[in-house]
Amino acid sequence: MALSNRACKFLANSKWKDSVKDEKEIIHAFKAAKIMPTEQLIDFQKRFGGFTYFAYLEPIVYGILHEIPCRGSFVNENGLIVIEPEDDIVVRHFECADTLYQETFSIDEQGRYYEGFDLKCNHFETHIEDLAMLEQVNKGKWETVYKYELDVYRDCYEYIDEKKYGELVKRLGLKKVEDFPEDIVGWDTNGDLLVWRKADAVVVLSETGMNRRELEAIQAIFEHE
């Protein structure tokens with residue numbers, strides 16, 4: 001999956017840590033774990049291994065294989081960290097980030113990206129696109145004027161209702177931000193507002209504010225049964 005110019009620029013300006021990138025070494029790690037590698041996992045490691053994103057001051061170093069020194073789960077592991085299906089975890093996961101940040105970052109054999117075992121996007125490239133958009137937004141004067149989140153307990157493993165989001169798109173006259181891929185997470189705009197659609201939340205941003213009538217219309221979509 002190709003990245004937008006925005007995402008390529010974001011990666012070029014990001015921090016990177018030395019990582020395992022040689023395909024033979026990657027395949028060897030899978031053989032050592034007696035697991036058949038997939039193209040998606042090999043591609044992820046070769047393209048994004050060592051990419052570092054900071055959650056506040058804590059570095060999150062992506063990759064299913066890491067070079068020393070490490071900080072988190074990979075401190076005592078020189079191979080893959082495999083999480084087999086169990087209970088609510090219905091597919092095999094691979095830890096895909098070394099960090100002390102209090103979250104589990106993982107990727108499955110099809111390249112789908114998870115945080116805390118909640119599916120965030122179907123392609124890791126979408127996660128990069130999302131981070132690139134957030135960086136662009138944070139450089140502007142955008143402020144949150146409305147936010148709706150699913151209940152973390154009641155709506156566990158649920159997603160934002162597509163029908164309700166469709167109503168929002170129609171109400172605000174939204175169109176997909178240019179070059180942003182179709183996925184669980186997305187960004188839409190009408191020229192004045194930006195809408196960040198996540199798996200479990202909808203965030204409306206503006207640089208000039210929102211009138212009460214428009215706000216009440218949005219609240220009616222998401223907060224009234």
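Colleague: Which residues of helix 3 are buried?
Modeller: This is a predicted model, where local features need pLDDT of at least 70, side-chain atom pairs count only at pLDDT 80 or more, and totals for chains, interfaces and linings use all residues. Residues are numbered from 1 along each chain as its sequence is written, and side-chain values use heavy atoms, with hydrogens and water left out. Buried means under 20% relative accessible area, exposed over 50%, partly exposed in between (1.4 Å probe, protein chains only); helices (H or I, at least four residues) and strands (E, at least two) are DSSP runs, numbered from the N terminus. In helix 3, residues 39-48, the buried ones are Leu 41, Ile 42, Phe 44, Gln 45 and Phe 48.

Colleague: Which residue forms a salt bridge with Lys 46?
Modeller: A salt bridge puts a side-chain nitrogen of Lys or Arg within 4 Å of a carboxyl oxygen of Asp or Glu. Lys 46 is partly exposed at 37% relative accessibility. Its partner lies 2.9 Å away, N to O, and is Glu 23.

Colleague: How many residues apart are Asp 43 and Arg 47 in helix 3?
Modeller: Their side chains meet in a salt bridge of 3.3 Å, N to O. Asp 43 and Arg 47 are separated by about one helical turn, because their spacing in helix 3 is four residues.

Colleague: Is Glu 58 buried or exposed?
Modeller: The side chain of Glu 58 meets that of Arg 71 in a salt bridge (2.7 Å, N to O). Arg 71 is partly exposed at 40% relative accessibility. With a relative accessible area of 15%, Glu 58 is buried.
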